[in-house]
Amino acid sequence: MAMSSTGRSARVTLFAPRIEELLHKYRGQDLFRLEADTVGVAGADLMDGLLRSRPANAEERPTFKPVQGRPVTRADASALMQAVSADVRAALKKPLDDRTDLSGKWPHTPHVYLRDLVFGRESFRFRVLVDRRLELTPKLTWMAVAAGTAMLGKPGTEIPLSNLAARVLDAESYDDRRYAMYLYRRVAAPICFTVAALVTNAVWLGAPFDDDVPNRDVLLEALRLLPPSWNILRVASPEFGEVDGRIGRQDDILMLPLLSHRDPRLWDDPEAFRPERWKDLDPDTQPGYLPFGHADERCWGRHMVMPLAERILDAVRRDGLVVSPEQRVGRVELDGLLEVSGVRVVRR
């Protein structure tokens, strides 16, 4: 693995070889071929044109793509969004408990905190669906879903502690309950995963934070340098060749905010963690800045992720939490979200 220097006190971030190759070989390029049937795109204007050329199809929406061939209807998606939004709003109204201790190994520690804060101490059949280990293989997820569905009694036999879990218990048939259980995983887990990754990256890159820099700007800059959702995949479509003739009819497109976020044509001192830059920049209009997707299709969880992440940074600042001075190296693996793993966070 090659090295890239970031953050305070000469911390070093080691990227997985494939990520390191992308950063060093293609940064500053608009379009490049990654595979015989896959084109990489990192130019801000070209990404904008491609994403505007057609909406994402059902398979390209990670949260609401079909569940074992069963489409997720607009009504189901809307109901799920309303349920989890209500859970997050209720969580954010809770006072920041003085007894909360977020020191430990990150991103695991903030992940567990978020799970309990937003979804309560629900029964094991729900809690396991938010477990980070299920990311290892889809088979584990389906085993957990099937086991949890089999253990569920008739609706109303237990009182769930989240609106999202209530939707599972409202399902009448076994197939509907299994479908609802899987969507519980699809909706609940990304909130915990994404927020935990974001705050871990922010702490790794910049803690201790300057008092005059707001949490919002810290998070926007962490999203720039280490965006948890670092790529956007679109399968081959004829519209893409009309935007750029170098794209063939059989070419899939991998758009890479990971690269546009560090493009020297778009950013001053692009490799530096400088949250103060966001005082004069608008994240909604800044070219090439896509941590939550394109303006036409923003991530559904954006307005939940940011306030939850700010809440955790409030606790970080209150308690003087920093990366252990003994830890100088952080690793970013290629296993899903872009995050620094195994960060040891201690009280200063």
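Guide: Let's start with a term: contact means heavy atoms within 4.5 Å. Keep in mind that this is a predicted model, where local features need pLDDT of at least 70, side-chain atom pairs count only at pLDDT 80 or more, and totals for chains, interfaces and linings use all residues. Residues are numbered from 1 along each chain as its sequence is written, and side-chain values use heavy atoms, with hydrogens and water left out.

Visitor: Which residues is Asp 319 in contact with, leaving aside its neighbours within four places in sequence?

Guide: Those are Thr 100 and Arg 347.

Visitor: Is Asp 319 buried or exposed?

Guide: Buried means under 20% relative accessible area, exposed over 50%, and partly exposed in between (1.4 Å probe, protein chains only). Asp 319 has 15%, so it counts as buried.

Visitor: Where is Asp 319 found?

Guide: Helices (H or I, at least four residues) and strands (E, at least two) are DSSP runs, numbered from the N terminus. Asp 319 belongs to helix H12, residues 302–319.

Visitor: In what order do the four strands of the open sheet come?

Guide: Two strands pair if DSSP finds at least two bridges between them. Here the order is E3-E4-E7-E6, with mixed pairing. At the edges sit strand E3 (31–35) and strand E6 (232–234), each pairing on one side only.

Visitor: How many bridges link E6 and strand E7?

Guide: Three, in the antiparallel sense, with E7 covering residues 252–255. Leu 233 stands opposite Leu 254 in E7.
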